[in-house]
Amino acid sequence: MPNYIPDDADQRRAVAPVICYPTETLPTPDLALYRRAREGAEKIAEVVVPPREAATFRARAGQFFRISSIEGPQVGDFNLWNAHDLSERFYSGKTRALHGTHLGAGARMWSSFPHLRPMATIIDDTLGWYGIDEYGGSVHDVIGTRCDPYTNNLLSGGQYHHCCHSNLTRALADELGISLAEAEPHVHDVLNVFMCTGFTRDTGQYFMKASPVRPGDYLEFFAEIDVLGALSACPGGDCSAEHSSDTAACHPLLVEVFATKGDALKGWRSPEPNGYDRRHGR
Ligand SMILES: [Zn+2]
């Protein structure tokens with residue numbers, strides 16, 4: 001084995017990191033306006049997501065939706081689409097690049113190319129106090145994908161049908177009246193609501209630990225465009241032990257939608273799709 005370690009290895013490692021996407025240049029959401037508008041908003045819909053199942057909901061641009069823990073600690077795998085065009089959907093990778101590994105108040109769920117615009121903005125997070133723990137863990141991650149029956153089959157064998165991927169697939173198929181085969185390709189990498197995750201410092205492996213969420217905790221969003229959402233109550237429950245099985249204790253999640261009144265959002269406009277001209281140099 002040749003020795004590849006250069007003489008200046010330590011020096012090279014010691015170079016200070018540079019933030020890839022400084023957020024100072026990102027369009028800033030007017031959180032004060034959103035929160036003011038939210039005060040006078042009224043609940044117009046709610047859906048309870050049963051354990052190990054998923055449910056869909058819709059919110060119009062300018063409305064709010066809240067995901068709440070009820071009954072017991074539970075994490076949710078969340079997908080979001082443009083309600084009128086499923087090809088515009090939540091882009092977890094770019095959201096991670098822009099906002100970091102975990103989302104909190106002020107962060108936004110960005111959409112896929114060529115749209116790349118905010119689909120929803122987080123206005124409130126009762127777990128904001130958690131911060132980053134001693135293991136490097138935090139909540140509401142955009143680093144995981146979603147538990148799925150393919151990886152489960154690869155690692156453990158067998159057929160398990162209540163992974164978040166399958167739950168989201170069934171829920172979307174039912175919502176749109178399409179087949180499972182038609183629905184499945186629209187399911188995408190999620191925002192892991194309430195899930196506590198990170199990467200181990202020594203081996204860089206994706207880890208999860210018991211979510212700090214308790215009944216009454218919530219994550220609340222402002223819908224920037226008309227959205228269709230699907231939320232799965234993960235079979236991992238609070239994800240303290242395992243997922244992709246019926247072993248963990250699971251609880252429902254609640255989604256509520258709120259509409260503002262009058263001109264509460266005066267001055268706000270739904271964001272346009274991204275301004276790049278798509279000529280790609282030709
Ligand atoms: Zn899951």
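Author: The expected span of a helix is 1.5 Å times one less than its number of residues. Helices (H or I, at least four residues) and strands (E, at least two) are DSSP runs, numbered from the N terminus. This is a predicted model, in which local features need pLDDT of at least 70 and side-chain atom pairs count only at pLDDT 80 or more, while totals for chains, interfaces and linings use all residues. Residues are numbered from 1 along each chain as its sequence is written, and side-chain values use heavy atoms, with hydrogens and water left out.

Reader: How do you know that the span of helix H5 agrees with its 13 residues?

Author: Helix H5 covers residues 164–176, and at 1.5 Å a residue it should span 18 Å. Its end C-alpha atoms are 18 Å apart, so the two values agree. Just after H5, Gly177 takes a positive phi of about 65 degrees.

Reader: What makes Cys147, Cys164 and Cys234 donors to the zinc ion?

Author: Donors are N, O and S atoms within 2.8 Å of the metal (3.2 Å for Na, K and Ca). The SG atoms of Cys147, Cys164 and Cys234 coordinate the zinc ion at 2.2 to 2.3 Å, so they qualify under the 2.8 Å limit. Water is not among the atoms, so sites may look incomplete. The spacing of the donor residues in sequence is C-x16-C-x69-C. Cys147 and Cys234 are both buried.

Reader: Why are strand E1 and strand E6 said to stand at the edges?

Author: Two strands pair if DSSP finds at least two bridges between them. The open sheet has six strands in the order E1-E13-E3-E11-E7-E6, with antiparallel pairing. E1 (42–49) and E6 (108–110) each have a single partner strand, so one side of each is left without a neighbour in the sheet. Strands E7 and E11 pair over five bridges, and Asp124 has Glu220 in E11 as its bridge partner.

Reader: What makes a set of residues a nonpolar core?

Author: Such a core is a set of buried Ala, Val, Leu, Ile, Met, Phe, Trp, Tyr and Cys residues joined through side-chain atoms within 4.5 Å. The largest one has 42 residues, of which Phe65, Phe78, Leu80, Leu191, Phe194 and Phe221 touch the most other members. Strand E9 (191–199) supplies its largest share, five residues.

Conventions. Buried means under 20% relative accessible area, exposed over 50%, partly exposed in between (1.4 Å probe, protein chains only).
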